[in-house]
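Please look at the sequence and the structure shown below, and keep both in view while reading the report that follows.

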Amino acid sequence: MENALIVSTSDKSVAFFADMLHAAGCGAVTVLKTGAETRRLFPERDFDIVIIYSPLPDESGESLSRFIASKESAQVILVVKGEYFEEMSAVTEDEGILVVAMPVDRALFWIALKLAKSAQSRLRKMRSENIKLKQKIEDIRVVDRAKYLLISYLNMSEQEAHRFIEKQAMDMRTAKRAVAEGILRTYES
């Protein structure tokens, strides 16, 4: 975890959470006091973990935690009063929000922090894989468009167009997409 955000009006809780985050190896810790400040900052900055100590002066911790979780960029730990724990857990667990009851036990919070760190790491890997897959699909689309142009303009079969692009890529020691983009520039201009 590189960047963390603590949203709380309590200086005591901020000190506690900052201490725990530093012990977990978190580099930078940002502290905000309201949901409005958090909502303004969120499009500008990425955080690995967000700890919300509710209630906040301007909104519930639940709505803010849902907002942050919907952005899919951070793991959220929502700290609520003990009597609201079950209710908050039930309504936020589908969004991947970890809920911790007050008073916060140091050992229990450490476990929640480790779970959040683990989930964030897994989420980061899945995002990276997703980006690679999207790139692969886009590469296939570009190559297919180039094959279509070769078929249309040079009367090649689909297999001939495919082989032509592959051979050009091997001869030029470049990716098939680069060859396909050259074909697109030639025939789509």
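Which residues does Val 50 touch, not counting residues up to four places away in sequence? Val 50 touches Leu 5, Val 7, Phe 42, Ile 68, Ala 74, Gln 75, Val 76 and Ile 77, where contact means heavy atoms within 4.5 Å. The model is a predicted one, in which local features need pLDDT of at least 70 and side-chain atom pairs count only at pLDDT 80 or more, while totals for chains, interfaces and linings use all residues. Residues are numbered from 1 along each chain as its sequence is written, and side-chain values use heavy atoms, with hydrogens and water left out.

**The sheet**

The structure has an open sheet of 5 strands in the order β2-β1-β3-β4-β5, with parallel pairing. Strands (E, at least two residues) and helices (H or I, at least four residues) are DSSP runs, numbered from the N terminus, and two strands pair if DSSP finds at least two bridges between them. Because β2 (28-32) and β5 (98-101) stand at the edges with a single partner strand each, one side of each is left without a neighbour in the sheet. On average, and with direction ignored, neighbouring strands of this sheet are turned by 20 degrees against each other; axes are lines fitted to C-alpha atoms, for helices over the stretch in contact, and angles run from 0 to 180 degrees between N-to-C directions.

Strand β4 (residues 75-80) pairs with β5 in the parallel sense over 4 bridges, and 5 bridges join β3 to β4, which also run parallel. The table gives residues that stand opposite each other.

| Residue | Opposite residue |
|---|---|
| Ile 77 | Leu 98 in β5 |
| Leu 78 | Val 99 in β5 |
| Ile 49 | Gln 75 in β4 |

Because 6 of the 6 residues of β4 are buried, this strand is largely enclosed by the rest of the structure; buried means under 20% relative accessible area, exposed over 50%, and partly exposed in between, with a 1.4 Å probe and protein chains only. In a regular strand the side chains alternate between the two faces of the sheet. In β4, Gln 75, Ile 77 and Val 79 point one way, whereas Val 76, Leu 78 and Val 80 point the other way. Helix α4 (residues 85-92) lies across β4 and β5, and runs at about 180 degrees to β5.

**The nonpolar cores**

A nonpolar core is a set of buried Ala, Val, Leu, Ile, Met, Phe, Trp, Tyr and Cys residues joined through side-chain atoms within 4.5 Å. The largest one has 20 residues, of which Phe 42, Val 50, Ile 52 and Ile 68 touch the most other members. The elements that give two or more residues to this core are β1 (3-7), β3 (49-53), α3 (61-70) and β4, and the largest share, 4 residues, comes from α3. A second, separate core of 19 residues includes Ala 4, Val 14, Leu 113 and Ala 116.

Within α3, the buried residues are Gly 61, Leu 64, Ser 65, Phe 67, Ile 68 and Ala 69, and what covers them includes β1, α2 (35-41), β3, β4 and α4.

**Aromatic rings**

Rings of Phe, Tyr and Trp (its six-membered ring) pair if their centres lie within 6.5 Å; planes under 30 degrees apart count as stacked, over 60 as edge-to-face and the rest as tilted. By this rule the count comes to 7 aromatic pairs. One of them is edge-to-face, with Phe 16 and Phe 17 at 5.3 Å centre to centre and 65 degrees between the planes. The rings of Phe 16 and Phe 109 have centres 5.9 Å apart and planes at 55 degrees, so this pair is tilted. Since Phe 16 lies in helix α1 (residues 11-23) and Phe 109 in helix α5 (residues 106-154), the pair ties together parts that are 93 residues apart in sequence. Phe 17 counts as buried at 1% relative accessibility, and Phe 109 counts as buried at 0%. Phe 16, Phe 17, Tyr 53 and Phe 109 form one aromatic cluster.

Lys 147 is found in helix α5 and counts as buried at 9% relative accessibility. Leaving aside neighbours within four places in sequence, Lys 147 is in contact with Glu 158, Ala 161, His 162 and Ile 165. Ala 146 also has its place in helix α5 and is buried, with a relative accessible area of 0%. With neighbours within four places in sequence left aside, Ala 146 is in contact with Ile 165, Ala 180, Ile 183 and Leu 184.
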